[in-house]
Amino acid sequence: MKGEAADVADVAENDVEDVIERAYLRALNAADADAEDAVDLGASALAAAGGSGTAASGTAASGPDASGAASAANDALLALTDRLVRSCWTRGWQPADVVRIARRRLTDGHARLAADLITAEARTAPAATASKDPRWAAQLAELAAAGPWNGEGTLLAAHGRRERLDGFSAAVSVLELLRLLGRLPRITPVAAPTAAGAAAHRHAAPLLGRIRALLAKAESTDFPEEAEALSSKAQQLMARHSIDEALIASDAGAAGSDGPGACRIGIDQPYEGAKALLLDAVAAANRCQAVWAGDFGFSTVVGFEPDLEAVELLYTSLLVQADAAMLRTAKGAGKSAGSGTGNGSGHGAGKSRNGKARHGGSRSKDFRQSFLIAYAGRIRERLADATEQATHAPDLPAERLLPALAARDVAVRDTTTRMFPTTTSHRLKGRDHEGWTHGTEAADRAVLGGRQ
């Protein structure tokens, strides 16, 4: 291609930073219909500038200047990626959000590359938000624990080795991710916790550790009675701590002086709507509000510290229990379908005319969607009952507690409205009766930490 040949020649004639910048801008500004061609042309120049060759042209840098060219190109590329990553932060995105959107819009390989870029940027930004925001720091720590690129060698070469890509394909992957990052819209930012919020988070850390351990045991046990006892204790700890915090703040005359905080919780595919519904139920029961951003794969939860972390812990636990219940239902349906005898028409007794298992609906999309919607609805009812019981416990001073909780509810609602002045409601319907029935039954068996 003439354009491609010209770009490769430019590497020798122009500054490598300019070549890489133009490769990125070509990919960024291309219309969606032309994006693939634009990325391929830019990748040819990027691969050649990096000394890694290009499968399209067959050319490669060689000789005594090859490593120097690769190093210069890597420095220029990292300067560009650092700039793009920081621009994501200014547009309201956080590390986990960027990795999630890369996986959602592109591939797992792009998500790993995004983690590479984020950890590389963090190494050059010692005074970054992570030093002030414990959630930001936790996200970076989680990315670092997955073993991203450590800065040795070049980014292109490291990405190519890990994903088993040639030089040109690695460059394509990089430019695809950079195009995505450059085109991310501005979203509602989530501020770091205030000093008081961070102090509350630290104060609650040992308690949250106990809650996390109790829920983990509840998820792993095969005995429903044991699971209920463990989760019951966890929910009691959550509810009582939240109530105690509200009373302390009320006594100090600071029922809402700091205002609520916010965090983002990922809503993974598939069946995102039903999972967002479950998170909304958990948030409401813990005096928080959740706003789902379906296009980006997360919900923003608004509430007081440490209610936010309690919401995340309980939501994660209930989702694990729902997945386990669906898996058990699927296995049971498979055994039922496999136990039939032939009906003389070439189909087993467990099959319908279209070949789908009559008792194997648990593997269908409609079944799983209906299962999770019913599960979320029933969990909402049970959580509301548990919250009501905790709030009206006989040993609590109702004359002080109820106004304090009302003040917090107003503060959460006002903060949510300020952050998201325009929202829409979605109604989800289950289409599979069997899935709805099994989902409701699973919710009745799920351990919330409240009373059955």
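1. A word on terms: buried means under 20% relative accessible area, exposed over 50%, and partly exposed in between (1.4 Å probe, protein chains only). By that scale R103 is partly exposed, with a relative accessible area of 42%. D108 is partly exposed too, at 43%, and the two side chains meet in a salt bridge (3.2 Å, N to O).

2. Please keep in mind that this is a predicted model, where local features need pLDDT of at least 70, side-chain atom pairs count only at pLDDT 80 or more, and totals for chains, interfaces and linings use all residues. Residues are numbered from 1 along each chain as its sequence is written, and side-chain values use heavy atoms, with hydrogens and water left out.

3. The structure holds 15 salt bridges, each a side-chain nitrogen of Lys or Arg within 4 Å of a carboxyl oxygen of Asp or Glu. One of them joins E21 and R83 at 3.1 Å, N to O. E21 lies in helix α2 (residues 16-29) and R83 in helix α4 (residues 66-90), so this pair ties together parts 62 residues apart in sequence. Helices here are DSSP runs (H or I, at least four residues), numbered from the N terminus.

4. Do look at E272 and R104, whose side chains meet at 2.4 Å, N to O. The pair links helix α12 (residues 272-285) with helix α5 (residues 95-105), 168 residues apart. E272 counts as buried at 15% relative accessibility, whereas R104 is partly exposed at 23%.

5. Finally, a salt-bridge network links R112, D116, R162 and E163.

Technical notes
Helices (H or I, at least four residues) and strands (E, at least two) are DSSP runs, numbered from the N terminus.
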